[in-house]
Amino acid sequence: MMSITTTQIGSVSLPSYVFGASGPNCTTLEQLQIVGRSDAAAIMIKTCTLEYREGNPEPRYVEVPLGSINSMGYPNLGYKEYLRIIPILKEFKKPIIASLGVLKASEFPTLIEAFNTADVDFLELNFSCPNLTGKPQIGYDFEMTDSLLKELVPLIKKPFGIKLPPYFDPVHWEQAATIFKKYPIGALVCINSIGNTLIIDPETEQPLIKPKGGFGGLGGDFVKPVALANVRAFSQLLGDKMSIIGVGGIKSGMDAFEFLLCGADAVQIGTQFMKEGPECFGRIDRELAEILKRKGYKSIAEAKGKLKPL
Ligand code: SIN
């Protein structure tokens with residue numbers, strides 16, 4: 001039976017509304033198999049790079065009452081290992097999403113060409129990691145974003161999306177949307193963590209995380225209003241042309257419903273997945289289904305973007 005939370009990102013159908021962000025707990029084969037066995041709508045793989053990466057020094061992920069701060073630095077097995085793992089993940093019969101990341105923009109074509117022929121359903125280009133020392137977030141450089149998309153889009157043979165940093169001003173949403181609408185982008189993923197924030201412990205008089213002098217990406221409750229605003233803004237500007245995937249502070253079905261009202265076609269879970277484990281996907285999706293039924297909505301499509309004016 002089809003679930004009330006069945007949805008679509010770009011041309012890819014998802015059996016439900018909730019899956020993992022790239023991402024906690026999605027680096028090793030064992031972690032990906034756990035996601036495969038869960039109720040996640042898709043198997044999202046940790047952003048991969050050309051080579052294996054240990055990532056940044058520990059501690060690099062710390063939870064606090066209102067969320068999390070991380071500076072992981074793309075720890076991953078290297079793309080060739082994911083190409084080996086992907087066929088193993090097919091047994092779970094759910095969409096598989098690869099996330100591609102680079103240290104230099106010139107590395108993207110090799111990754112794209114490799115995943116074009118892999119058995120993945122969707123590619124997420126990560127334009128927004130804040131945790132690579134000395135490497136600015138691509139998504140904050142509109143000229144580079146445009147020229148990269150111009151170069152990469154003709155190479156991409158799969159449905160794809162871009163993971164974006166949070167923007168904070170209407171002019172940035174408008175400038176970004178003017179670029180994105182020129183390309184056949186399947187989905188915008190809003191938002192990556194709020195980069196380069198600082199949480200300190202006044203007792204120890206130290207930052208909570210080690211890399212980059214303690215500066216890291218903020219997730220969880222702290223960021224939900226920023227994520228909602230980014231989803232809403234891009235949904236209003238581009239929602240008729242591409243899907244919007246919401247990420248940021250989603251802990252419950254009600255949070256997911258808020259993202260749906262703002263125009264999200266699906267949501268990803270980061271901090272709460274770290275905290276609760278893979279049960280969070282099914283729980284949040286079931287809570288969302290209950291809310292939709294109670295409010296008389298028959299589908300995701302019916303409630304999507306239906307935020308009412310005040
Ligand atoms: C990281 O690996 O540092 C986090 C990934 C990201 O923010 O895109």
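Okay, housekeeping. Residues are numbered from 1 along each chain as its sequence is written, and since this is a predicted model, local features need pLDDT of at least 70, side-chain atom pairs count only at pLDDT 80 or more, and totals for chains, interfaces and linings use all residues. Side-chain values use heavy atoms, with hydrogens and water left out.

Helices (H or I, at least four residues) and strands (E, at least two) are DSSP runs, numbered from the N terminus. Two strands pair if DSSP finds at least two bridges between them.

Let's start with the parallel sheet. It's an open one, with eight strands in the order β3-β16-β15-β10-β9-β8-β7-β4, and the pairing is parallel. At the edges you've got β3 (18–20) and β4 (43–44), each with a single partner strand, so one side of each has no neighbour in the sheet.

Look at one pair in there: β9, residues 160–164, and β10, residues 187–190, run parallel and are joined by four bridges. Leu164 sits opposite Cys190 in β10. Ile191 itself is in the loop between β10 and β11 (194–198).

There's another cis bond, from Glu58 to Pro59, and there omega is near -5°. Pro59 is in the loop between β4 and β5 (61–64).

That brings us to the other sheet. Four strands make an open, antiparallel sheet in the order β5-β6-β14-β11. Here β5 and β11 are the edge strands with one partner each, so each has a side without a neighbour in the sheet. From one strand to the next the twist averages 40°; angles run from 0 to 180 degrees between N-to-C directions, and the axes are lines fitted to C-alpha atoms, for helices over the stretch in contact.

How does β5 get to β6? Through a hairpin of two residues. The two strands pair antiparallel over four bridges, with β6 covering residues 67–70, and Tyr61 has Asn70 in β6 as its bridge partner. On to β14, residues 215–219: three bridges join β6 to it, again antiparallel, and Ser68 is bridged to Gly219.

In a regular strand the side chains alternate between the two faces of the sheet. In β6, Gly67 and Ile69 point one way, Ser68 and Asn70 the other, and all are buried. Buried means under 20% relative accessible area, exposed over 50%, and partly exposed in between, using a 1.4 Å probe and protein chains only.

Now the helices. α6, residues 224–238, has 15 residues and reaches 21 Å from its first C-alpha to its last, close to the 21 Å expected at 1.5 Å a residue; that expected span is 1.5 Å times one less than the number of residues. Its buried residues include Val226, Leu228, Val231, Phe234 and Leu238. What do the buried residues of α6 pack against? They pack against β9, α5 (170–180), β10, β11, β15 (243–247) and α7 (253–261), where contact means heavy atoms within 4.5 Å.

α7 also packs against α9, at an angle of about 65° with the axes 7 Å apart. On the α7 side, Gly253, Met254, Ala256, Phe257 and Leu260 meet a set in α9 that includes Ile284, Leu288 and Ile291. The contact divides into eight nonpolar residues, one polar and two charged. For the bookkeeping, Ala, Val, Leu, Ile, Met, Phe, Trp, Tyr, Cys and Pro count as nonpolar, Asp, Glu, Lys and Arg as charged, and the others, Gly among them, as polar. And α9, residues 279–294, lies across β3 and β16 (266–269), running at about 160° to β3.

One residue I'd click on is Phe273, in helix α8 (residues 271–276). At 2% relative accessibility, Phe273 is buried. Leaving out residues up to four places away in sequence, Phe273 touches Pro24, Asn25, Val35, Pro278, Cys280 and Phe281.

Which residues other than glycine have positive phi? Lys93 is one, with phi near 55°, and Glu205 is another, near 60°. Lys93 is in the loop between α2 (79–89) and β7 (96–100) and is exposed at 74% relative accessible area. Glu205, between β12 (200–201) and β13 (206–207), is exposed at 70%.
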